[in-house]
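Here are some notes for a first reading of this entry. Please keep the sequence and the 3D view open while going through the points.

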Amino acid sequence: MKVDLPTPTFGGGYDGQAGPRMGFFTDTSICIGCKACEVACKEWNLVPQDGPLRLTGDSYDNTGALGASTWRHVAFVEQQRGDEGLRWLMSSDVCKHCSSAACLEVCPTGALFRTEFGTVVVQPDICNGCGYCVPACPFGVIDRREEDGRAFKCTLCYDRLRDGLEPACAKACPTDSIQFGELDELRGRAERRVATLRGAGVGEARLYLEDEADGIGGAGAFFLLLDEPEVYGFPPDPVSTTRDLPRLWRAAALAAGTLLAAVATAFVGQRR
Amino acid sequence: MANSDCILIQGSNMAECHPVAFQWVVEAKQRGAKVIHVDPRFTRTSALADLHVPLRAGTDIVFLGAIVNHVLENERWFRDYVVRYTNAAVIISEDFADTEDLDGLFSGFDPEQGTYDDTSWQYAGAGDGGHAEGEHESETGQHFGALGAPTGVAEPPEQDETLQHPRCVFQLLRRHFRRYTPELVERVCGVPASQFLQVAELLCENSGRERTTSFAYAVGWTQHSVGAQYIRTAAILQLLLGNIGRPGGGIMALRGHASIQGSTDIPTLYNLLPGYIPMAHAEGYPDLATYIEQHTKKGGFWGHMDTYLISLLKAWWGEKATADNDWCYDYLPRISGDHSTYRTAMDMLDGKVRGFFLLGENPAVGSANARLHRLAMAKLDWLVVRDLVEIESASFWRDGPEIETGELRTEDIATEVFLLPAASHVEKEGSFTNTQRLLQWREKALDPKGDCRSELWFMYHLGGIIRERLAASDDPKDRPVLDLTWDYPTSGPHADPDAEAVLREINGWGPDGRALSAFTELKADGSTVCGCWIYCGCYAGEVNQVARRKPRDQQSWVAPEWGWAWPANRRILYNRASADPDGRPWSERKRYVWWDEQAGEWTGEDVPDFPRTKPPHYQPPEGATAEDANRGDEPFIMQVDGRGALFVPSGLQDGPFPAHYEPRETPFTNPLYGQQQNPTRQEYGRPGNRYHPRPGDPEADTYPYVFTTYRLTEHHTAGGMSRFQPYLAELQPEMFCEVSPALAAERGLVHGGWATIVTARAAIEARVLVTDRIRPLTVEGRTVHQVGLPYHWGSRGLATGDAANDLLSIVLDPNVHIQEAKAATCDIRPGRRPRGAALPKLVAQYRMRAGLEADADEG
């Protein structure tokens, strides 16, 4: 089902001047959990330390979740699977740069915008810290930095892209688990990889967020997973929080109208 | 490695500790290779492997030896390769006795000294193996470089190419490992026989003419009291399977830091000169002629020792080195025994060492029994620490753990500490030499801040100051320093020496002053200069070959124009073995280097590691020397006989074959031999370094669990480069231990809570991670629990914690003096450790319970 998006998606605002849409394909089947992506991201983007230094006890994940000061997060999932033995899944999460980006749509200042690469970026000099974008994100990616007030998230290294460089995380990834490129090309590559893995007996290999018909209109950052999305902490069927707004508004307007009509009727009824 | 059909990673956590190199394992896997990880713990490497095999720490020789046995008994060895390219057919002296005969000892053992005399290990008819009169080194094992002991096999050795002779290496090998069976693996390693056989079969299926298997190991193999023999077992196996010198084969010795390979090539080791030339011993080498005679091999490229050494002496002493003064041979320092790092620390403790330089090393956290190193440094007069931050080794005198316990008082420590800030790797130019012997040039990205300087700057100007101070001296002992060529060009506001000029000196030049292009151009007449013979060619044509960065898609798959690999830019060593004895590739699929009959030379994908025009059927004429003394089908050109050594007649301190010995500290007795431990291990039984009771002793269960130490991706070794960095500290913020759910239940350990780990040396605390990734194993019918301890933390930095290395004893491998850090025993109990004086008291109580000798301070 094609979602009827309330705002124009990629390309709409560039009068044909935009290049091809760029994105990430994260192949978690070859992630070694080294966290080089987390460090490279922080180094390049000058993202500060995120919170106090405390062991979480959650496998080797001491990062916890994406947030204002964590733009890449590697999840570690230890699974005891009976006869098949132990499995340790690792996956590097990032902002999805949704086709239908609710954060952008709710931003009242225009701080969030869609770039010529099809990515979604916050402009810190425009953000006023209202925080509307925070609950709007269906993945819990964007967040406000407490001590600063403004909202931050992955920019897909907008500055590097403008200089013809790949994002810092993809550059640092030693196994090419994080691949950067033209989204169309990445989708083809991902499909071939899934076919190869399935052919090699990894039947559970699947893609996540590559489908333009999903609730966010497909993502600019999609994943190859080896288990259900929930296992990695991903929502199984994310929906843009603004997708149903027109219908909700219509319903609300109808309800208001009905109420008004009823009230009016009541007053009209009294006037005798 | 990307061309391997199967990769066995054992003694290494490659994905975590070598994530960049691991890309090649991932690439091989994507091409269909099988990846096997054999390791006590399920790590990030295991997560990517097709098969993880947990085994008890310290039992790898049993596991590998059983594969050797499997390969031999099931006729899975590569016959044509083994018969021609290894010493399988050679007949060994009739005086040789194996561990099977002597219950765990080889012939020649001296129980008083704890050393071997290797005379009985020699090839039959080789006499005493060419040992020099008055030779002291073979007893103490201090001087052997890559060339091993000074054997000289004068004639072709006695052989039986049918491999039937009862004293031929092949039959000795077969007999030696016969009791290493799958059942023994199950009993000793805790690995089910079926799983063991699965590994053995994967290796066999992926070896031979058409396929190759590679091995990767790191300090999980070396850091044992019998560590060198772990690697020997792998070497035997890879030779039997025909996996050396071929694409996708080999044994990858993963190095732990950016240029550790470089620091053994141009060594920071006390017993080596550049290019693995042995340091001369104080006795037995009075002059250059004697040295050259003793160290020149009768076959192979060690036959040119004179050209390598004299060119080195010319590089160091230039015009001052002449034929009349033995090219300044007497200026070289001499060794008189073991001067390795642990011996030096013990001498420090005993007040025999006055000053100490620490350059990029943090022994107060990183060395085995780190507490003893802190106590040792407190006995120094002066200590120079060059590091990026104030590491624990620079601050132990005011905030070390012993200050808190009251064992040391700042006002009593006389050590004068000089902390000098170092430039980081992006703030200086120079080269790294990596695991694959690949030299890669690094540009300076920015100038170091403030007083930070490179090591090159420090050493060069320190040398300059010392020379100035000594300038007026007429003491002959100062001549070696004063006569050095010490004149690198400098530039910039701080007079930084030119690193390329140093590289050019390492490469060397000829009589015309032009850079040499190969070590074969070196001469023994003083006309050539070369700082390290194996690096000769890295500056060929006056071009910094090391700085080449041609992308892989613009050259052949071997990528010869990316950096420069020693020797002679060869990417795979001994690659003559990639062709059959007649010089043809073993298979089309694995073709690499071959003989071109028409051109009359070796050719192929790589630089042939063989005399270029020596035909496959070459037979050495009477009286031939060096490489000319080896046949055209003997690929191992650094060996005197050109053969891969299944049996090592000399050069190893602990035997010509590997044998399983239990770690110094273990819950189990050796099931194979009466000899429990490596009989030649080095021990330092002294206060502060007590060893645990032996298994079977009534008090042995004081320390009932096995522990192993290791690294995590997020930190760098002793933490100087990572614990002080917020971006790294936050990724692994606290010291922790890893235990199985079963051990947690047995000892009442709570996930996320605290545990105290105790040995006879120390007690440390750590947060508890209870995980299925640590699995209890069944060994000898008993359950053995293993405790995992990363060793990165210390008292300073952003992420602090106790140092796991405080727990270890100092017990060393006799060949390379490396500590046994990968297998020892401990107790573990819930809760935090005591503070202050109560801490050493707890450790002492344990020692008393274990019936160990009291330390002096225990009264």
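**Notes on the predicted model**

1. Of the contacts in chain B with a separation of 6 or more, 71% are between residues 24 or more positions apart. This is a predicted model, and every point below should be read with that in mind.

2. Overall dimensions of chain B. The C-alpha trace spans about 75 × 70 × 55 Å along its principal axes. A compact globule of 859 residues would have a radius of gyration near 29 Å, and the 27 Å of chain B agrees with that. Buried residues account for 54% of the 859 residues. As for secondary structure, chain B has 26 helices and 29 strands.

3. An open sheet in chain B. Five strands are arranged in the order E3-E2-E1-E6-E7, and their pairing is parallel. Strand E3 (51-53) and strand E7 (251-253) of chain B are the edge strands, each pairing on one side only. From one strand to the next, the twist averages 20°. To look at one pairing in detail, take strand E6 (residues 213-217) of chain B: 3 bridges join E6(B) to E7(B), and the two run parallel.

4. Helix H9 of chain B. Which residues of helix H9 (residues 182-189) of chain B are buried? They are B:Leu184, B:Val185, B:Val188 and B:Cys189. Viewed down the axis of H9(B), these buried residues fall within an arc of 105°, so they line one face of the helix. They pack against helix H4 (60-73), helix H10 (193-205) and strand E25 (777-779) of chain B. Just after H9(B) comes B:Gly190, with a positive phi of about 80°.

5. Backbone values to check. Most residues other than glycine have a negative phi, and most peptide bonds are trans. The next two points list exceptions to look up in the model.

6. A:Leu156 has a phi near 50°. The residue is found in the loop between strand E7 (151-152) and helix H4 (158-162) of chain A. Is A:Leu156 buried or exposed? A:Leu156 counts as buried because 27 other C-beta atoms lie within 10 Å, and the cut-off for a buried residue is 20 or more. In chain B, the phi of B:Asn369 is near 55°, again a positive value in a residue other than glycine. B:Asn369 has its place in the loop between helix H17 (363-366) and helix H18 (370-377) of chain B. With 27 C-beta neighbours inside 10 Å, B:Asn369 is buried.

7. A cis peptide bond. The bond that joins B:Trp566 and B:Pro567 is cis, with omega about -10°. B:Pro567 lies in the loop between strand E17 (564-565) and strand E18 (593-596) of chain B.

8. The contact between the chains. Chain A brings 25 residues to the contact and chain B brings 31 residues. On the side of chain A that touches chain B, the elements that give two or more residues are helix H1 (36-45), strand E2 (72-80) and strand E3 (86-94) of chain A. H1(A) gives the most to this side, with 5 residues. Sorted by class, the side of chain A that touches chain B holds 11 nonpolar, 7 polar and 7 charged residues.

Note on methods:
Residues are numbered from 1 along each chain as its sequence is written. Chains are lettered from A and ligands numbered from 1 in the order in which they are written. This is a predicted model: local features need pLDDT of at least 70, side-chain atom pairs count only at pLDDT 80 or more; totals for chains, interfaces and linings use all residues. Two strands pair if DSSP finds at least two bridges between them. Helices (H or I, at least four residues) and strands (E, at least two) are DSSP runs, numbered from the N terminus. Axes are lines fitted to C-alpha atoms, for helices over the stretch in contact, and angles run from 0 to 180 degrees between N-to-C directions. Two residues are in contact if their C-beta atoms, placed from the backbone, lie within 7 Å. Ala, Val, Leu, Ile, Met, Phe, Trp, Tyr, Cys and Pro count as nonpolar, Asp, Glu, Lys and Arg as charged, and the others, Gly among them, as polar. The radius of gyration is taken over C-alpha atoms; the globule rule is 2.2 Å times the number of residues to the power 0.38. A residue is buried if 20 or more other C-beta atoms lie within 10 Å of its own, exposed if 12 or fewer, and partly exposed in between; C-beta atoms are placed from the backbone. The arc is that of the directions from the helix axis to the C-beta atoms.
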